[in-house]
Amino acid sequence: MRLTKYAHSCLRVEHDGGVLVVDPGVFSDPAALDGADAVLVTHEHPDHLDVAAVRQHLDRRPFPIHGPASLAGPLGDAAEALRPVAAGESFTAAGVAVRAYGGKHAVIHPDIPVVDNLGFLINDVVYHPGDALVVPDETPVDTLFAPIHAPWSKFSEVVDFIRAVAPRRAYALHDALLNTNGLGVLDRQYTALSGTEYQRLEPGSRVDV
């Protein structure tokens, strides 16, 4: 598979001629959706789902959207493209095997409602957890995209999450709220403490897995 890391939490997966896009949010380039055969959305927050961009691309070229049933509300008229997914479910998207994990977003604050969230294991190789630190215990993960910074996260918890998943390598995810100073500090700390090969990819970078 060829992966393109777009800004924040957006990934584009190309495999055997199919194009699968994960979490095309408002911080990412809408071009990530060009030619998409299917889309995975971990949850409804705008930094993971740019409804306007998704609708625009659906008008050009229809594709299914796989994610929590709660996405129907934010998607509005585009909800007809939604294929609801539950935690523990396995399915195929753009010709790629996917398994869903978790069920709920991490708690941001007790006064903020907790929305549904699914992590996706793609082709038994790449794990995108969305906004929760759920470990897919029964399946070894080769490549983890780890959310390195968020209003709901704590550095030590993310380090422990990466160690628990124990991937061969980890790439930074959920990093659009950081400036250059913050990125530098966290990159050094995750490299030193994550227990695996860690790297942050600039938006547009491509890797083969």
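Trainee: Is Val54 buried or exposed, and what is its relative accessible area?

Mentor: In this predicted model, Val54 sits in helix H1, which runs over residues 51-60. A residue counts as buried when its relative accessible area is under 20%. Val54 therefore belongs to the buried residues, since its relative accessible area is 1%.

Trainee: Which residues is Val54 in contact with, leaving aside its neighbours within four places in sequence?

Mentor: Contact here means that heavy atoms lie within 4.5 Å. With the neighbours within four places in sequence left aside, the residues in contact with Val54 are Pro24, Leu33, Leu49, Phe63 and Ile65.

Trainee: What separation is found between the C-alpha atoms of Val54 and Ile65?

Mentor: Ile65 is among the residues in contact with Val54, and the two are 11 residues apart along the chain. Taken from one C-alpha atom to the other, their separation is 9.4 Å.

Trainee: Is Asp16 buried or exposed, and what is its relative accessible area?

Mentor: Asp16 is found in the loop that joins strand E2 (11-15) and strand E3 (18-22). The cut-off for an exposed residue is a relative accessible area over 50%. Asp16 is therefore exposed, with a relative accessible area of 74%.

Trainee: How many Å apart in space are Asp16 and Gly88, C-alpha to C-alpha?

Mentor: In sequence, Asp16 and Gly88 are 72 residues apart. In space, going from C-alpha to C-alpha, the distance between Asp16 and Gly88 is 25 Å.

Trainee: What is the radius of gyration of the protein chain, and why does it agree with a compact globule?

Mentor: The C-alpha trace of the protein chain spans about 45 × 45 × 35 Å along its principal axes. For 209 residues, a compact globule would have a radius of gyration near 17 Å, and the protein chain agrees with this because its own radius of gyration is 16 Å.

Trainee: What percentage of the contacts in the protein chain with a separation of 6 or more comes from residues 24 or more positions apart?

Mentor: The secondary structure of the protein chain consists of 4 helices and 14 strands, and 52% of its 209 residues count as buried. Among contacts with a separation of 6 or more, the share from residues 24 or more positions apart is 54%.

Note on methods:
Residues are numbered from 1 along each chain as its sequence is written. This is a predicted model: local features need pLDDT of at least 70, side-chain atom pairs count only at pLDDT 80 or more; totals for chains, interfaces and linings use all residues. Side-chain values use heavy atoms; hydrogens and water are left out. Helices (H or I, at least four residues) and strands (E, at least two) are DSSP runs, numbered from the N terminus. The radius of gyration is taken over C-alpha atoms; the globule rule is 2.2 Å times the number of residues to the power 0.38. Buried means under 20% relative accessible area, exposed over 50%, partly exposed in between (1.4 Å probe, protein chains only).
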